[in-house]
Amino acid sequence: MDRVLIFDTTLRDGEQSPGISLDVAEKLEIAEQLARLGVDVIEAGFPIASQGDFDAVEAIAKGVHGPVIAALSRTGFADIDRAWEAVRHAARPRLHVFIATSEIHMRKKLRMTPEQVKAEAAAGVARARSYTADVEFSPEDGYRSDPEFMCEVCQIAVDAGATTLNIPDTVGYAVPEDYARLIAYVREQVRGDYVLSTHCHDDLGLAVANSLAGVQAGARQVECAVNGLGERAGNAALEEVVMALRTRSDAFGNLGTGIRTEELARTSRLVSRLTGYPVQYNKAVVGRNAFAHESGIHQHGVLSDRETYEIIDAATVGQTAAQIVLGKHSGRHAFADSLRRMGLSLSGDALNQAFARFKELADRKVQITEADLEAIVAEELGAGAVHRFGLVDLDVAGGTRHTPTATVVVADGSSRREATATGNGMIDAAIEALAEATGVRGTLTDFNVSSVTSGGDALGDVVVQLEVDGLRASGRGVATDVVEAAARAYVGAVNKIVRLREQPVDRHGDVGP
Ligand code: KIV
Ligand code: ZN
């Protein structure tokens, strides 16, 4: 293999990040962007875990073309059959079967003997292979397993038909040298025709370093997630792995990836917006400061030659979205055209709704950038999902002498509901009034305010995480006024809670890897 395959697990391991709960439409939107980005494999979910996961895998398998679509499964036949039922519609389906091989997992979690684990691996992979020729096997907690035993299980999996062997550092305990040694050991010990893969978690901040060390030792697939999302501290960050392989190809035997790197920033923004997880400002590659130069010496250097202080051209990763694309005089045509160029294809009602919102914003903000456009379109349409409530009106009064008060009007179908409330501040009052008007009251577990672009008229961007009766949802709102942005974010989260309430709750707490 002369390049490294990028296996994206944003929708599976990434979605296991605390507080993230994506619905089917949102997962589909992310999967479409991942296909545009050029990932080789999309791990779309864990179908046995919930009906929502099943539906998302099925929708992605049916509707997203280009990458291999993978579904995760334990070794039990019920898991595998369910995973296959969801993923079988893909042009190139993959079943990803896993079972733990470390002493602690076998004894304390699986309550199985090593012999039972071997038998499970053989039967599970054979079952998967009876459905598809593309089967991946992972010895969970592989890094903390006895290497000899883990290789024995891997050999059984390859003999039963596995075509990819993935070696997880499930708890992020590895250091690069040791992880590379383990990958080299597997290559040496396990005979057969298979692609060797890395899967590293970031508990020690070493996930990317470990993955790259794995590539240097012979791995040709890297499992990673956009913005480094994933269980606990996350998985290896896709954008960092890809740009390290590209920028330092000299250190990796000139192995490239199939990624269209100009799509990296947009993918990162989309995932951040839909998951409600903000991207750290100084995050490598996709952080807003990744190409900002603060000191005069650096600015001077970059002006005379970019390469004095930059190792990546911002355009290479799509970090130039701040150009002005539209203003208040722009018409529907220019608006639709800008969206099309950004890969956002809207038509009919969706286009009308987005255009109306754009006009409303353009009246208050002179210049609309690509990033602004992305934000308003995504917020307004929420990936095409059905919104029960809409914010119609918001009036707030406050200051240092008066009790902050808000009056809101929300649309609920064809009826209107009005409520007035006071609070600690104007945002608090607005949220209290919205809780009253919608009847959905919960705990705000996170509240984050930032600006989409810079300048006094920049759009305020608010992300909230709302928890109601054990259901969690994020919402995002953008507006030139942060109180309005917060209100929109709250309404977005409430709409998601309403949709979640309508879904059967069947996520089994104990099936997560
Ligand atoms: O971290 C892990 O071990 C996993 C496996 C299911 C691949 O996510
Ligand atoms: Zn994992």
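How close do the axes of α5 and α6 come, and at roughly what angle do they cross? They come within 8 Å and cross at roughly 25°. Axes here are lines fitted to C-alpha atoms, for helices over the stretch in contact, and angles run from 0 to 180 degrees between N-to-C directions. Helices (H or I, at least four residues) and strands (E, at least two) are DSSP runs, numbered from the N terminus.

This is a predicted model, where local features need pLDDT of at least 70, side-chain atom pairs count only at pLDDT 80 or more, and totals for chains, interfaces and linings use all residues. Residues are numbered from 1 along each chain as written, chains are lettered from A and ligands numbered from 1 in the order written, and side-chain values use heavy atoms, without hydrogens and water.

Stay with the helices. α5 and α6 are roughly parallel, because of their angle; the term covers angles under 35 degrees, with over 145 roughly antiparallel, 65 to 115 roughly perpendicular and the rest oblique. α5 passes α6 in a right-handed crossing. Right-handed means that the near helix is turned clockwise from the far one by less than a right angle; anticlockwise is left-handed.

α5 (residues 114-131) also packs with α3 (residues 77-87), at about 25° and with axes 10 Å apart. This pair is therefore roughly parallel, and its crossing is right-handed. α6 (residues 147-159) meets α7 (residues 176-189) at roughly 50°, their axes coming within 10 Å. α6 and α7 are therefore oblique to each other, again with a right-handed crossing.

Now turn to ligand 1.

The side chain of Thr170 places an N or O atom 2.6 Å from a ligand 1 oxygen. For His199, a polar side-chain atom lies 3.1 Å from an oxygen of ligand 1. His201 likewise has a polar side-chain atom 3.1 Å from a ligand 1 oxygen. The protein buries 98% of the 260 Å² that ligand 1 exposes when taken alone, by the Shrake-Rupley method with a 1.4 Å probe.

Key: Polar contact = N/O pair within 3.5 Å; in protein donor to acceptor, adjacent residues only side chain to side chain.
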